Amino acid sequence: MMTGTDDSPLVEEGGPKANQYRLTIWHKVSISMNEPENLKPPAKSNFRRYLQWILAPVLTAISGLILYYQGPWYGVATLYAALISILLVRPGWRWFYIAAVTTPRDTVALFAYIRVLLFIKRQERKNLNIGDIFESNVARQPDKLAIVSESQQWTFRQVNEHSNRVANVFHSHGYKKGDVVGLLLENRAEFVATWLGLSKIGVITPLINTNLRGASLQHSITVGQCTALIYGASFRSAVMDIAKDLPAHVGLYQFNDESNQEVVASEGLSQGLAQQLNGLLETAAKDKVAAGASRADHHDKLVYIYTSGTTGLPKAAVITHSRYFFIAAGIHYTLGFKDQDVFYTPLPLYHTAGGVMSMGQALLFGSTVVIRKKFSASGYFSDCARFQCTVGQYIGEMARYILATPSAPHDRNHQVRMVFGNGLRPQIWPQFVERFGIRKVGEFYGATEGNANIMNNDSTVGAIGFISRILPQIYPISIIKADPHTGEPLRNSQGLCERCEADEPGVFVGKIVRGNPCREFLGYVDQKASSKKVVHDVFSKGDMAFISGDLLVADERGYLYFKDRTGDTFRWKGENVSTSEVEAQLSNLAGYKDVIVYGVSIPNTEGRAGMAAIYDPTREVNVSQLGVELAKSLPNYARPQFLRFLRKIDLTGTFKLRKVELQQQGFNPEIIDDELFYAQPDGVYAPLTPSVYERIVRNELRF
């Protein structure tokens, strides 16, 4: 049995015990699978609506008479009372309660939204770009630290000088506004200074994932339509492997960091395939950009940021200067960042989270940002303590990795007042903030290419943001009814979409408004891919919205919770199973290990059975005990029918787990080297051998 109040998360009755954290949150998804093309809304009583229609003119007339005979004060008081009476009829007294408890939250968000809009309008009116704002910060505080790492401490002046050198080198080489120069470089100060310098002459910079190799790397360069590529010496081999397959017009520039200055990597340089960038930068002017160089406008393209590629090859999302302003300023004002904050981000700078949300605080607001080449769970809070960081960033499974580390003195011996990011699961949220003494968590949700971005501004456990129940029109985002497997919107008899009720899962969408940086959908470089993310005729004929492809659910107060990706939810035993919720539960039971849950097909069996892949290379998980705990924690239909214990795991650059290949491999022991188990009728897991597999295929073992 589950218990809980509005102010506390649901916990299992009778637990947890002292010093033991265990939080269980389970939303049962109930979506009709019949007639997916047409919605048949449930019959509703119209009594309140008719009563409201009758009361409105009557009470208005009475108020008018009192105003005429008794004066304005009595008239206004009567009009106010009449309005309250009408609202009590419909939507009812409950609306007043919800309005009362959510007004503080909505008011804070409203003022933040107004500040964001004013900030963006100022830059738009003056036609300012990112470089303009950064240079104003340089003039104000040239010797303040801008970017810090284990090996570098760059001031605002140093970042600006390097960016000017980059701008002048590429201007002298004939690159101009609208050209595209790719960047493949590890997390370091030069990464930011390089794309910033290119932006000063209007050049667009695709920020390429440093984990890519071979065909994926070549695809990213070509889909971004690069005319040149700047790459770090540590990625020399990866670039040389594909260099001869790139279009002939793509110029290559190799950058060597300090450790490579003495022993210059010569492959590619000696063959004439690449130019040495360091020597070119040393001779370039650093004080200002050449007078004849072109300049980027406020709405011009700034960078391309690639999707993580969990479901295929990366797609290049367009980020304009105005979009960069909106993302960085949006989180700054919504979460109450301060210019004097010191930010810590171990995330890759080629993604939006690290490269825009965190680094934008330095470029636009003059804060200091501490970066790290690679994320370290054990080093997270020790770094924060060492560099005196006040705001930390996380993403994906990162928080779980940090929580799984042994206790250490720096767990609370730091100055971090807030962490923000995406992917802090509600099952570990309370123990994370308790162990590390975090006063505020700013969980956000959004896609790099999308316009449906939301934030949790009051640390409500598990919420990724909210929709105002009082004035939802101010920020036009919605959850619409959709097929959970395909993500296809369900439409009513008028051919329009319908909003979900409270606690009803649906697909998250954001209204598209052309010319509005807050509501614009810029999409991908590939226009065909962009069109797939737009849904038409949403709430009225001719309107458009960005469709996220994610299933969310809103509670009565408007708080939004992530359910699953459309397509990840599968149906078993007549129920819809949310993979993300099963993953969260199973990870807790397996000692915070990486878990991937997906549905697999069993011959002659309806639906898809749940399968869980657990990363456990040293085989620490007790399978028998795990089966017992799963029976306590999950409904019968949600328990995995198959278990796979992985020896290795594949993560994206944003710490997301890839599942497509695992799903394709199914549960066949002949093609899988990892240990496999299957659930017996009594719920106990037993080894899945080739003979057992054959019995399942022949339908001799049923589930």
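**A proline in a loop, and what lies beyond**

Tutor: Start with P489, which sits in the loop between β19 (477-480) and β20 (506-511). Keep in mind that this is a predicted model. Is P489 buried or exposed? Its relative accessible area is 11%. Buried means under 20%, so P489 counts as buried.

Which residues does P489 touch, once its neighbours within four places in sequence are set aside? They are I480, K481, A482, C497, V535 and I547. Take I547 from that list. P489 and I547 are 58 residues apart in sequence. In space, their C-alpha atoms are 9.2 Å apart.

Stay in the loop between β19 and β20, and go to D503. D503 is exposed, at 54% relative accessibility. The cut-off for exposed is over 50%. Now look at the backbone. D503 has a positive phi of about 70 degrees, yet it is not a glycine. Why point that out? Most residues other than glycine have a negative phi.

Q225 gives another case. It is not a glycine either, and its phi is positive, about 55 degrees. Q225 lies in the loop between α7 (214-223) and β7 (228-232). With a relative accessible area of 52%, Q225 is exposed. G336 also takes a positive phi, of about 75 degrees. This glycine comes just after helix α10.

So turn to α10 itself, residues 321-334. How far apart are its end C-alpha atoms? They are 20 Å apart.

Helix α3 (residues 93-125) holds V101. V101 is partly exposed, at 34% relative accessibility. Its C-alpha lies 8.1 Å from that of R557. In sequence, V101 and R557 are 456 residues apart.

Next, the sheets. Eight strands form an open sheet with mixed pairing, in the order β4-β3-β13-β12-β14-β15-β16-β17. Which strands stand at the edges? They are β4 (153-155) and β17 (454-455). Each has a single partner strand, so one side of each is left without a neighbour in the sheet. Follow β4 to β3 (residues 145-148): the two pair in the antiparallel sense, over three bridges. Across this pair, I147 stands opposite W154 in β4. Helix α11 (residues 352-365) packs on the sheet. It touches β3, β12 (342-345), β13 (368-371), β14 (391-395), β15 (418-422) and β16 (440-445). The direction of α11 makes about 170 degrees with that of β14.

Another open sheet has five strands, ordered β26-β27-β28-β29-β30, again with mixed pairing. Its edge strands are β26 (595-600) and β30 (685-687), and each pairs on one side only. On average, neighbouring strands here are turned by 25 degrees against each other, direction ignored. Look inside this sheet at β28 (residues 642-646) and β29 (residues 675-679). They run antiparallel and are joined by four bridges. L643 stands opposite F677 in β29.

Finish with helix pairs. Two packed helices are described by the angle between their axes and the distance between the axes. Take α4 (residues 130-140) and α5 (residues 156-172): their axes come within 9 Å and cross at roughly 135 degrees. That angle makes α4 oblique to α5. The crossing of α4 and α5 is left-handed. From α4, the contact uses F134, E135, N137 and V138. From α5, it uses F156, R157, V159, N160 and N164.

Then compare α16 (residues 579-589) and α17 (residues 623-633). Their axes come within 10 Å and also cross at roughly 135 degrees. This makes α16 oblique to α17. Which hand does this crossing have? It is right-handed. Q585, L586 and L589 of α16 make the contact with L626, E629, L630 and S633 of α17.

How values were computed: Residues numbered from 1 in each chain as written. Predicted model: local features only at pLDDT ≥ 70, side-chain atom pairs only at ≥ 80, totals over all residues. Heavy atoms only, no water. Expected span 1.5 Å × (residues − 1). Buried < 20%, exposed > 50% of the residue type's maximum accessible area, 1.4 Å probe, protein only. Contact = heavy atoms within 4.5 Å. Pairing = 2+ DSSP bridges. Axes fitted to C-alpha atoms, helices over the stretch in contact; angles between N-to-C directions. Parallel < 35°, antiparallel > 145°, perpendicular 65-115°, else oblique. Left-handed = near helix turned anticlockwise from the far one by under 90°.
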